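Q: Please walk me through this structure one feature at a time, giving the idea before each case.

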Amino acid sequence: MGARDTICALASGPLPCAIAVLRISGPAVCEIGAQFLASGLPPARRGSLTKLIDREGRLVDEGIALFAPAPNSYTGEDTLELFLHGGPAVVAHALEVLTSLPDVRLAEPGEFTRRAFEAGKLNLTQAEGVADLIEAETLAQKGQALRQLSGGLSETYARWRDELMGLLALVEVMVDFPDEGDVASNAASPAHAKVSVLMREVEAALGDGGIGERIRDGFRLAIIGAPNAGKSTLLNRLAGREAAIVTARPGTTRDVIEIRKVLGGQVVWIADTAGLRETDDEIEAEGIRRARMTADDADLCIQLVDASDPAAPPPLPYPAPKGIRVVNKSDLVSPAAAASADFIVSAKDGAGIDVLEAGLAERIAALAGSVEAPVITRARHREKLTRGLTALASAKAALEGDLGSELVAEDLRLAIREMQGIIGEIGVEDVLGAVFSRFCIGK
């Protein structure tokens with residue numbers, strides 16, 4: 001990405017549409033206004049009706065131009081937005097005109113937000129919040145993204161970093177003045193106490209059960225049970241379509257099949273799995289192994305029981321609230337089976353499905369609300385916090401074992417580096433590339 005290039009892109013939705021927004025950012029914005037806008041560059045932050053013309057003086061379109069000069073713009077650079085008619089021919093012609101200047105090019109994915117980050121308009125967690133907000137499908141996802149964009153997570157991480165910086169300064173007093181016995185003895189005790197407090201706070205954040213990531217990426221629900229219990233039929237009923245093959249032959253489902261659904265205001269991935277039984281079939285055995293892994297990793301697990309099976313239902317493999325026993329084939333259910341059921345349904349004709357969905361939605365909503373915001377939203381944050389906690393544990397052990405202030409200081413520096421990496425205060429190019437490459441082009 002050339003730092004001096006001016007970039008442009010379609011910043012609105014797919015074409016055709018009523019209005020298309022073209023975003024331009026960089027040092028050539030004033031030149032673009034002078035050359036291609038009939039009325040010139042408009043006054044700052046005031047929409048102006050104007051004509052966009054090409055080099056030959058041909059009309060491209062008539063629309064609204066909005067200019068935001070540096071540094072008071074999204075990217076921190078001179079920025080121009082053109083609101084044009086949303087026809088493919090109009091947009092193609094406009095982009096051709098804009099990129100006809102030598103140092104103007106089409107933006108790469110996420111490049112506008114990356115420039116905002118580089119200009120100090122956003123930190124890295126806020127930039128990730130922008131991406132999450134664009135992709136949000138539910139109110140819960142939107143709310144979490146807005147909290148992250150507004151700095152909820154950043155404030156926590158930045159506070160930990162600042163406290164670590166103060167702690168490092170305290171420890172370095174011990175390093176710089178090793179012969180001052182009174183300084184060392186006075187410094188070691190508060191240093192140990194502060195490390196312990198920080199460790200408890202980071203451990204509490206890491207102990208959130210991955211709720212933030214679940215809200216962002218979706219909760220997991222697995223359907224398990226014996227062959228022919230109706231698992232695939234139930235999956236199809238919940239999906240509202242034929243997502244899985246249903247036959248009377250046991251062992252039809254050999255692999256995990258997932259569908260995506262919104263329950264309780266949350267995205268949920270529901271998995272149909274292979275029937276659990278003893279088998280000599282190598283392929284079916286692999287399917288059963290995957291079924292058990294899927295159930296272990298799930299947030300909720302439906303044990304589907306066939307009411308027509310005379311055998312007693314097996315024990316619930318997971319305790320409540322994760323484990324849920326659902327008895328299928330409601331017209332055949334016995335009093336004993338009904339007594340052990342959380343829900344009774346007929347996957348084939350749909351009886352009881354609405355009650356089951358309401359119950360699942362209630363459980364998912366309870367999981368989502370089980371941890372106070374802000375919460376960790378990405379595996380990247382969790383990985384860095386885990387490494388930071390390891391460094392803090394080493395610092396604590398060094399303090400307790402009187403292993404030397406130099407070792408404590410180095411461990412604290414490692415912890416600070418991890419906190420800085422979360423909010424993007426160190427220039428790690430591969431991390432930045434991974435974050436911003438997931439954005440849409442016009443953001």
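A: Let us begin with Arg-45, which lies in the loop between α1 (29–36) and β3 (48–53), where helices (H or I, at least four residues) and strands (E, at least two) are DSSP runs numbered from the N terminus. This is a predicted model, in which local features need pLDDT of at least 70 and side-chain atom pairs count only at pLDDT 80 or more, while totals for chains, interfaces and linings use all residues. Residues are numbered from 1 along each chain as its sequence is written, and side-chain values use heavy atoms, with hydrogens and water left out.

Q: What is the phi of Arg-45, and is Arg-45 buried or exposed?
A: Arg-45 is not a glycine, yet its phi is positive, at about 55 degrees. Its relative accessible area is 52%, so Arg-45 counts as exposed; the cut-offs are under 20% for buried, over 50% for exposed and anything in between for partly exposed, with a 1.4 Å probe and protein chains only.

Q: Where is Lys-329 found, and what is its phi?
A: Lys-329 sits in the loop between β11 (323–328) and α11 (335–339), and its phi, near 70 degrees, is a positive value in a residue other than glycine. With a relative accessible area of 26%, Lys-329 is partly exposed. A positive phi, near 50 degrees, is also found at Asp-402, which follows α13.

Q: Which residue does a cis peptide bond join to Pro-16?
A: The partner is Leu-15, and omega of this cis bond is about -5 degrees. Pro-16 belongs to the loop between β1 (6–10) and β2 (17–25). Another cis peptide bond runs from Ala-70 to Pro-71, with omega near 0 degrees, and Pro-71 has its place in the loop between β4 (59–68) and β5 (79–86).

Q: How many helices and strands does the protein chain have?
A: The protein chain has 15 helices and twelve strands. Of its 443 residues, 47% count as buried. Among its contacts with a separation of 6 or more, 61% are made by residues 24 or more positions apart, a contact being heavy atoms within 4.5 Å.

Q: How is the packing of two helices described, and at what angle do α4 and α5 pack?
A: Two packed helices are described by the angle between their axes and the distance between the axes. Helix α4 (residues 124–135) packs with helix α5 (residues 139–149) at an angle of about 155 degrees, and their axes are 7 Å apart. Such axes are lines fitted to C-alpha atoms, for helices over the stretch in contact, and the angles run from 0 to 180 degrees between N-to-C directions. That angle makes α4 roughly antiparallel to α5, given that angles under 35 degrees count as roughly parallel, over 145 as roughly antiparallel, 65 to 115 as roughly perpendicular and the rest as oblique.

Q: Which residues of α4 meet α5?
A: From α4, Thr-125, Gln-126, Glu-128, Gly-129, Val-130, Asp-132 and Leu-133 meet Lys-142, Ala-145, Leu-146, Gln-148 and Leu-149 of α5.

Q: Which residues of α4 are buried?
A: Nine of the twelve residues of α4 are buried, which leaves the helix mostly covered; among them are Leu-124, Ala-127 and Ala-131. Ile-134, also in helix α4, counts as partly exposed at 44% relative accessibility. Although Ile-134 and Ala-145 are eleven residues apart in sequence, they are 8.8 Å apart in space, C-alpha to C-alpha.

Q: At what angle do the axes of α13 and α14 cross?
A: The axes of α13 and helix α14 (residues 405–423) cross at roughly 165 degrees and come within 8 Å. These helices are therefore roughly antiparallel to each other. The α13 side of the contact includes Arg-380, Leu-385 and Leu-399, and the α14 side includes Leu-407, Asp-411 and Ile-422.

Q: Is Gln-266 buried or exposed?
A: Gln-266, found in strand β9 (residues 266–272), counts as buried at 6% relative accessibility. Leaving aside its neighbours within four places in sequence, Gln-266 is in contact with several residues, including Thr-138, Phe-219 and Ile-364.
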